[in-house]
Amino acid sequence: MSDRIFGGIGLMLSLLSIWRATLIPDSFMSDAVGPRAFPYGIAAVMALASIWFLIKPDPEPEWPRLGRLAEIGFAALVMIAYAQLLPELGFVISTAFAAAYLTWRLGSSPLQSVLIGVGTSLGIYAIFHLVLGLSLARGPLGF
């Protein structure tokens with residue numbers, strides 16, 4: 001039964017995402033795909049996965065223990081904080097902190113996590129900003 005509840009909530013969230021994506025205004029510099037294509041794609045995948053849970057639920061689902069659920073919830077809070085701090089700290093600093101925390105929780109040592117976070121942040125910055133020319137949130141350091 002819990003799989004069907006999970007699938008129903010996921011389906012409602014995907015429909016909400018599709019509705020919210022319809023409210024995204026077109027830009028005067030819009031490309032052929034437009035600004036709604038990515039949210040529509042993510043919502044469609046989420047809807048298909050949710051429908052699968054509704055149609056074919058696991059008869060004996062194994063849910064994580066309370067400690068693991070708290071850890072998942074804290075990771076979600078880190079991602080919310082990341083989105084909130086992105087305009088203030090900029091892409092490089094925010095991404096370095098978020099990636100370092102998440103890799104640490106996935107099992108890396110603290111030193112490895114810091115190195116991975118900084119490397120990931122600088123690597124993505126180099127690809128998206130320097131190579132592709134996309135604008136990313138600037139922080140107090142100017143990049």
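**A close look at helix α1**

Tutor: Let's begin with helix α1, residues 2–22, which has 21 residues and reaches 31 Å from its first C-alpha to its last, close to the 30 Å expected at 1.5 Å a residue. That expected span is 1.5 Å times one less than the number of residues in the helix. Helices here are DSSP runs (H or I, at least four residues), numbered from the N terminus.

A word on the source: this is a predicted model, where local features need pLDDT of at least 70, side-chain atom pairs count only at pLDDT 80 or more, and totals for chains, interfaces and linings use all residues. Residues are numbered from 1 along each chain as its sequence is written, and side-chain values use heavy atoms, with hydrogens and water left out.

Now, which residues of α1 are buried? They are D3, G7, G10, S14 and A21, where buried means under 20% relative accessible area, exposed over 50% and partly exposed in between, with a 1.4 Å probe and protein chains only. Looking down the axis of α1, you would find these buried residues within an arc of 65 degrees, so they line one face of the helix. The arc is taken from the directions that run from the helix axis to the C-beta atoms. On the face turned away from this buried side, α1 carries the exposed residues M12 and L15.

What do the buried residues of α1 pack against? Their partner is α2, residues 37–55, with contact meaning heavy atoms within 4.5 Å.

D3 sits in helix α1 and is buried, with a relative accessible area of 6%. Leaving aside neighbours within four places in sequence, D3 is in contact with F53, P57, D58, P61 and W63. D3 and W52 are 49 residues apart in sequence, and their C-alpha atoms are 9.6 Å apart in space.

Just after α5, G133 takes a positive phi of about 75 degrees.

Key. Helices (H or I, at least four residues) and strands (E, at least two) are DSSP runs, numbered from the N terminus.
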